[in-house]
Every structure is written in C-alpha cells, then in structure tokens.
Amino acid sequence: MNAPAIWIIFPAVVSIFLLLIKNRKIRGYLFIGISFIFAVLTIFIKIDFPGEKGLFTIGVSSILNILGRNFILLENDKSLIFMIYCFNASWGAASIILKKHARFIPLGLMYTGFLLAAVSVEPFLYSALIIEIAVIMSIPLLVNSQADRKSGISRYLIFQTMAMPFILLAGWFLAGGEITPVNSEQLVQAILLLGLGFIFWLAIFPFHSWVPMVFDETDPIDSGFIFLLLQSVYFILILKYINEFAWLRNYPVFFQALRFLGIIMAGFGSIGLFFEKSIRKLIGYEFLHSIGILLVAVGLSAARGITLFTYLIGSQLISFSLLSWSVSHFESLEKRMSVLSFSDLTKKRPIAVASFLFSLLSLSGMPLTIGFPPLQTLYQYLAADYPMVVVIMILSNILITMTVFKFIKEILRNNYEFQYLLNEVKANMFIFSFLIIFIISGFFPRTILIRFEHLVSGFDFLIK
Amino acid sequence: MFLNNLLIFSALAAVGLMLVASDWRMRIAGLASLYLVGFIVIIQIWPVALASVKLISGWMGIALLSTSMINSMNQVNSHRFTSEAVFRFLMAVLVWIVVVAIAPSINEWLPIPYTNLYIGVSLMGSGLLFMSLTDDFIEIVLGLLTILAGFDIIYSSLEGSALVTGIYAFIIILICSLNGYFSSVVSDRKVE
C-alpha cells in the first residue's frame, strides 16, 4: 500500500461509487464522512516510517509509479492532505446545513484527488496536465448543463488551458537545470514561460476577466469550493518551483515580478469590489484581491515571506469560506442579489449578513479579526523594504473597508431595531456558531494559524 | 522538402476551412484533417504506435463532438455572409504571415524542425483567432482543440513521453465530452 493510492486513487474511485446513490442527502453525508476519514487517516498513517510502528499506526510507502513517473506523498505533505480533506468535509457540512444542492458532492472528492496528484507528481512539470484535467472536470461541478450564461465558464476553460502549454514548455527548458540553468538566456526564457503559465493560472491582469464572471454564473457554494482549492494548489506549486530550483530563488527579478503582479491584483480586486453592484461578482473581486495579497507575501522572497504566506492563506481560507456560505445563504431568498437590496436582508438573514460583513472585514485586515495579524505583519515587512507597495496595499484594503461601511450605513438607514436578530440566532445556529468562533479567533489568531505553518515544512531551502 | 510543403499547405487549408465554413460538419471535417496532418508530422519523429494515439484520441474526440452536435437542438449552422468569410480568411492569412516572420526567432528557442514549428505555431494562432471571433461553446471547443493540436506538434517534437501522450489524449476527449455536456437536451436538474 502507498500514500498516493490512499489519498488520490481511493477518493476518486469512492466518488464514482457515490454517484450511484440517488438520494442527495445520503450522498452528502457519505461525502462528509469519507472526507473526514481521509483527513483522520493522516494521523494514523506514517509514510516511509523507519522505526517500530505503534498499535494504531499503519506504515505505507510514499511512491506510486504510473508509466515510469512517480506520484510521491511524503510525511511533510500530510498537513496539506489533512487541510484539503477537512476543507472538503466542512464545505460538505455547510452545504447540507444551508440546505444547498452543492454540485461538488460527490465528484469533489475526485477533483481533490486530481489536485493532490498535481502536487505529488514527479517530475512536477506534469502537474500542468493533471491540473488541466481537474479544471475540465470542475466545469460540470460549477454549472448546470442548461446554464443560460456560459461566457465566464468558457473564459475559465480557455485561460486555464492556455496555461498548460507554457508550463509544459517551461518544464522542458528547466529539465536539465535543477541546480543551474545552462545559460542566462535560457533562464530568461524559462522564467518568461513559467511566468506566463502562472499568470493564466492565477487569473492575473489582464487575464482576470473570467473570475467575476464565473462567480456571477455559479452558486457561491460551488465556486468557493472549486476556486479556493484550486488557488491553494497553485500557490503550493509556485512554492514547489521556487524550492526546487536554486537559481530561481536567487533571481531577484522573479520576486520583484511577484510583488508587482500582486499589487496590481490587490488594487484591481479592491477597486472592482468597491464599485460592484452584484453580490456574487463582489466575491469574485475579493478573490482577485486575495490572490494579490498572497502573491505579495510570496514575493517577499525570504523565509519570513513564506511563513507569512501560510498565515495569510489560512486566514483567507477561513474568511472566504464564511463569505461564500453567507452569500449562498442569502441566495435562498433570491438568486443573484444586488448590493442595493442588502438592507432588506438584515431582517430576513441577520446572522448571514453579520458573517458576510465580518468576513469582508477580516479579508481587509481589520483588527480583532483573524485576518488582522498576518496582514499587519505583511505591512510591517513591506514598510521596511518597499514603502510604495505598502501604500497601495493599505489603500486597497481601505477600499474594502469602505465598502463594508457602505453596507453598514445602508443597514442602519433602513432598520431601527435589531430584535429579530435574536430570533434568527436559533434558526442559523451553524453560521452563528462559526461567526462566534471566527470573532474569538481574532483574539487568539496564532493558535489557529500556526497549524498552517506545516504546509511548507517540506520546502527545506525556503524556510531555513 | 515537397512533403514538408505539402504538410504545411494541408494544415493551413484545413484550418482555413474551419474558419470559413458555416456548416458545422465542414468545420469538424477540417479538424479531423488537422489531426491527420499532425499524425503525419509526428510519425516522422515518434514510433507509429505512440503517434497513432494522437490520431485515435483526436478522432475519438471528433466522434464525440459530432454525436453531441447531431443530438443537440442547437446545431451551429448559422449562415455566414461572404464578407464575414472573407474577413475571417484574411485574418487567418495575416496570422500565418506573422508566423512566417516570427518563426525563425522562435526556432532559436525551440530547436525543432521548421515545418513542425511553423505548423504548430500557425495552428495555435489560428485557434486563438477562431475562439476570439465567437461566444458559442462548440466553436470555443473547436478553437481550443486547434490550439492544443498545434501545441501537440511542437511539444512532441521536443519530448516523447508515454504518460504525457496518455494524459494529453485524455484531456482532448474530456474537452470534447464537455461540449456534449453543454449541448445535452435534458437538464440534469430536471432528471433529478
């Protein structure tokens, strides 16, 4: 038995069997249970464990060989596996509690399997091909076959497919250059190709137009699940590239480019969010803004940037999940809501509205939210070396905060009493309890964020 | 030399047909010819068994596309004005001329035979043009397949790997199935 078979092949096979179950509810519960089991297995299974195994410990090999290529999951990767399957289970639970027919149940397990396969394949240039399969199979998980609007989905498919040739060609250039590339000209060519590939993958300006469109065309519970996982895996792949190629992490222009693109994305995202009228598209712009912040963190280059990145991705996963669930909950009242109808929502869905506002505040780094400590640290690092970047970053977050204040102003203008809030607490216990944990976590953020530090424990050269 | 010129001419003719024709059958026939040209180009570098995987997967994809188009209510047979056809063709010619100009520079980066490079880059450029002139999903799929066929010719000239060939074939079939998914008559929501 080997680790890739357990966490990549089995989930994919199980998801096909789950498709045979007609009852949506049972299928949903099984999805949660199985995801949870795969997460818990990371505790009991030791990969390539040399010593004696305990009573509840199972030892497995790390390598699965397919057609001469290896899929390798090491002990260090277990935190990523745990995080991904916990993410699956929590999103499955959210979809059931919010009474949503999530399209990612049950094939989300297979999607997860493909993403893990992309992270584990060696040589890792093949990850581009596996990611492409994951992208294609994510499309039926996002939209109904009879969807009236498909422009965003078409663009998503086009741009993600365009990335594949660039990454494959970059891989071919880099094949002989794990330590040093043959010459400086080859280095420029490889970086250019790699950069173009990642620009398409991460929807970086000017290839970002599909993000708000796709978010507008799909239910937030589906788009959130698909894109949060995809974005996390893309960043893990970027780190993997930086970790593997010594010359890449010693090439200052690369990190400069990451910071530059990051700041553009953060700026574009926040401006789009400020002026957006559709709530679904607003999440899309927030997604772009998050990508920008993560890129800036990775662009800090040194070990501090990578550790900070883990905190940022941790806080963003939590905040963005809450944001998507809240919007999905609004939409049980009306599809594709406008920000103009926001004040009416406070009467019908007060907890969801509070969660929506708090998660936006967290994503903008407001104090006493989980997003504050990592963003504040990022400002601190940037202020020391790149004052211009920190100014744009703060301005972009001010725009998001102003958007939240606009919402609050709208609520206060139309509502004089909040007594219905207490009645709603009972009805929305799930989101309410998550909101309380979310607020409390803002006081003790390190207890949660430190868990995400293990995500990069395998990248020895980066976190030294 | 003659074979190389013939291959270039055939590839451009096939992609030209795809761009100009208004009947979906003609466009799909153009794509099928592209896969055949690609196969003949790749067979000069790779063993027949591996090269034929490309042809078979491409034609399987075309069979899927055709089946979904026949079953679809919305068969893309929109009438095209002569001016539109001329415009599309001239745009394609422009792309091919640009490729003639830039191919030698790209050839310095990618040390592969000029014929393979020219056909590959021309197909990628034409596919991009094809996709940019429409918002119809079937045409986007055809454009994507053209781009992928072009890239396949370039990448196969650089590296031969059984796993890449297998996954690539799988991707082609998945993209074609996606068209089937979107052109299905009955909504999956209604079924459930």
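Predicted model: local features only at pLDDT ≥ 70, side-chain atom pairs only at ≥ 80, totals over all residues.
Chain B has eight helices and zero strands. Along the sequence, the pattern of chain B is simply α-α-α-α-α-α-α-α. Along the principal axes, the C-alpha atoms of chain B fill a box of roughly 55 × 45 × 25 Å.

Now to where chain B meets chain A. The contact involves 23 residues of chain A and 27 residues of chain B. On the chain A side, two elements give two or more residues each: helix 5, residues 127-142, and helix 6. Helix 6 of chain A supplies the largest share of that side, with seven residues. Sorted by class, the side of chain A that touches chain B has twelve nonpolar, eight polar and three charged residues.

Stay with helix 6 of chain A, residues 151-174, which packs against helix 6 of chain B, residues 137-158. How far apart are the axes, and at what angle do the two helices pack? The axes are 11 Å apart and the angle is about 5°. An angle under 35 degrees counts as roughly parallel, and therefore helix 6 of chain A and helix 6 of chain B are roughly parallel to each other.

Which residues meet there? From helix 6 of chain A we have Ser154(A), Ile158(A), Thr161(A), Pro165(A), Leu168(A) and Trp172(A). Facing them in helix 6 of chain B are Phe137(B), Ile140(B), Leu144(B), Phe151(B), Tyr155(B) and Leu158(B). Ten residues of this helix contact are nonpolar, two are polar and none is charged.

Next, the inside of chain A. The domain assignment gives domain 1 as 1-122 and domain 2 as 123-463. The C-alpha centres of these two domains of chain A lie 23 Å apart. Across the boundary, 30 residues of domain 1 are in contact with 29 residues of domain 2. On the domain 1 side, helix 3 (78-97), helix 4 (108-120) and strand 5 (121-122) of chain A each supply at least two residues. That side of domain 1 divides into 20 nonpolar, five polar and five charged residues.

Strand 5 of chain A also belongs to a sheet. Three strands of chain A form an open sheet in the order 3-4-5, with antiparallel pairing. Strand 3 (63-66) and strand 5 are at the edges with a single partner strand each, so one side of each is left without a neighbour in the sheet. Strand 3 and strand 4, residues 69-72, are joined by four bridges. One detail of that pairing is that Ile66(A) has Arg69(A) in strand 4 as its bridge partner.

Most residues other than glycine have a negative phi, and most peptide bonds are trans. Where are the exceptions? One is the peptide bond joining Ile105(A) and Pro106(A), which is cis with omega about 5°. Pro106(A) sits in the loop between helix 3 and helix 4 of chain A. Another cis bond runs from Phe205(A) to Pro206(A), with omega near 5°. Pro206(A) is in the loop between helix 7 (184-201) and helix 8 (210-217) of chain A. Ala203(A) also lies in the loop between helix 7 and helix 8, and Ala203(A) has a positive phi, near 55°.

Definitions and conventions:
Residues numbered from 1 in each chain as written. Chains lettered and ligands numbered in written order. Axes fitted to C-alpha atoms, helices over the stretch in contact; angles between N-to-C directions. Parallel < 35°, antiparallel > 145°, perpendicular 65-115°, else oblique. Contact = placed C-beta atoms within 7 Å. Nonpolar A, V, L, I, M, F, W, Y, C, P; charged D, E, K, R; others polar. Domains from an automatic or database assignment. Pairing = 2+ DSSP bridges.
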